[in-house]
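Below are some comments on the model under review. They begin with the aromatic side chains and go on to the sheet, the core and the chain as a whole.

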Amino acid sequence: MSHAAVSTLCRSIKLQCELYSSRQIAICLDPYCGLGFVLWCLSSVYSGHQSILIPPLELETSLPLWLSTLSQYKIRDTFCSYSVMELCTKGLGTQTEMLKVSVAINLNNRCRLHARGLNLSCVRSCVVVAEERPRLALSQSFSKLFKDLGLSPRAVSTAFGSRVNLSIGLQIWVNSPHCASGYYTIYGEESLQADHFNTKLSFGDPQTLWARTGYLGFIKRTELLDASGDRHDALFVVGSLDETLELRGLRYHPIDIETSVSRAHRSIAESAVFTWTNLLVVVAELSGSEQEALDLVPLVTNVVLEEHHLIVGVVVIVDPGVIPINSRGEKQRMHLRDSFLADQLDPIYVAYNM
């Protein structure tokens, strides 16, 4: 990233978070990712605010450190990873209430889509509906976007960049002064880099360069208000296109199936799905007694069949913590698949429903 891009990113963060000299923010992120580095090293210099830095590694010896810091300094904004939040909230137990740190959830930020439409790569309905309605997939919005961030104003095909019907699920393309210009260590892959960072539309304005995010999403008007008091559009993210599963000619997002699996039994702590030779593999972490392992197999099979009309090929019951999760809280399904194929999971029980 150029100096101009870094400066623009700092400016966007300053405007979005209203960072001025008297503000304090707590940062519990590793400084090795893009956002972590900018917040640790650059943002406070640009905006003049005070940063309280909490290395995530410190939480291993002092679990209440992050939440107690927020409570002690009465900090309004904090930046942290999903793993930090999960570690602190699960490990503190009854102490969480004493810290008086609450999280407000705006229901207007949630949107339910017709699941069959997602399977067909088509967003058929974007209206907010009742929570108990079946066959509807939940999508979460970022609600507010950086002021310098531009999104393609027209429908963009996920494959060719040509005009398509507005009901089709769209890959999110962005144009921003703080977009990166390419990868650092790609050799002989110039076409891949150009495809990601230098894509152009075949209609409208063919000169603007767009970066392809690889995520499926759409824009929808919400009840949320911007600084001027007007309702504004929100960007809803459905999921990563690279992680979608192709089964029986339909496209499935893993998180939808995993949410169903996690609801099947109280002893399922976490779950992950992937495909293996056209079979659906479900890996479920057992948080209860190993005597319950056999009970989970029919429950997992039935819930996936009823809610997604898919037959589970393999059910793998493993110990808690086996499913790999990175520092951003994302499941590493391909690493899990590699471990499964290499027979390295050391499972409690494996059922082949072939």
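**Notes on the predicted model**

1. Two aromatic pairs turn up in a search of the whole structure; rings of Phe, Tyr and Trp (its six-membered ring) count as paired if their centres lie within 6.5 Å, with planes under 30 degrees apart called stacked, over 60 edge-to-face and the rest tilted. Helices (H or I, at least four residues) and strands (E, at least two) are DSSP runs, numbered from the N terminus.

2. The model is predicted: local features need pLDDT of at least 70, side-chain atom pairs count only at pLDDT 80 or more, and totals for chains, interfaces and linings use all residues. Residues are numbered from 1 along each chain as its sequence is written, and side-chain values use heavy atoms, with hydrogens and water left out.

3. Buried means under 20% relative accessible area, exposed over 50%, and partly exposed in between (1.4 Å probe, protein chains only). Ring pairs also bring in F274, giving a cluster of F274, W276 and F340.

4. R333 is in helix 10 and is buried, with a relative accessible area of 10%. Leaving aside residues up to four places away in sequence, R333 touches E243, P254, I255, E258, V273 and F274; contact means heavy atoms within 4.5 Å.

5. Four strands form an open sheet in the order 12-13-14-15, with mixed pairing. Strand 12 (268-276) and strand 15 (349-352) are at the edges with a single partner strand each, so one side of each has no neighbour in the sheet. From one strand to the next the twist averages 15°. Strands pair if DSSP finds at least two bridges between them; strand 13 (residues 279-286) and strand 14 (residues 312-318) run parallel and are joined by six. Within strand 14, V315 is the bridge partner of V282.

6. Two helices pack on this sheet. Helix 8 (residues 254-263) touches strand 12 and strand 13, and its direction makes about 140° with that of strand 12. Helix 9 (residues 293-308) touches strand 12, strand 13, strand 14 and strand 15, at about 140° to the direction of strand 14. Axes are lines fitted to C-alpha atoms, for helices over the stretch in contact, and angles run from 0 to 180 degrees between N-to-C directions.

7. Which residues touch the most other members of the largest nonpolar core? Among its 23 residues they are I257, L280 and V304. Such a core is a set of buried Ala, Val, Leu, Ile, Met, Phe, Trp, Tyr and Cys residues joined through side-chain atoms within 4.5 Å. Strand 10 (245-247), strand 11 (250-252), helix 8, strand 12, strand 13, helix 9 and strand 14 each give two or more residues. Helix 9 gives the most, with six. With residues up to four places away in sequence not counted, I257 touches L245, Y252, V273, L280, V304, H308 and L310.

8. For the chain overall, there are 10 helices and 15 strands. Of the 354 residues, 39% are buried. Among contacts with a separation of 6 or more, 63% are between residues 24 or more positions apart.
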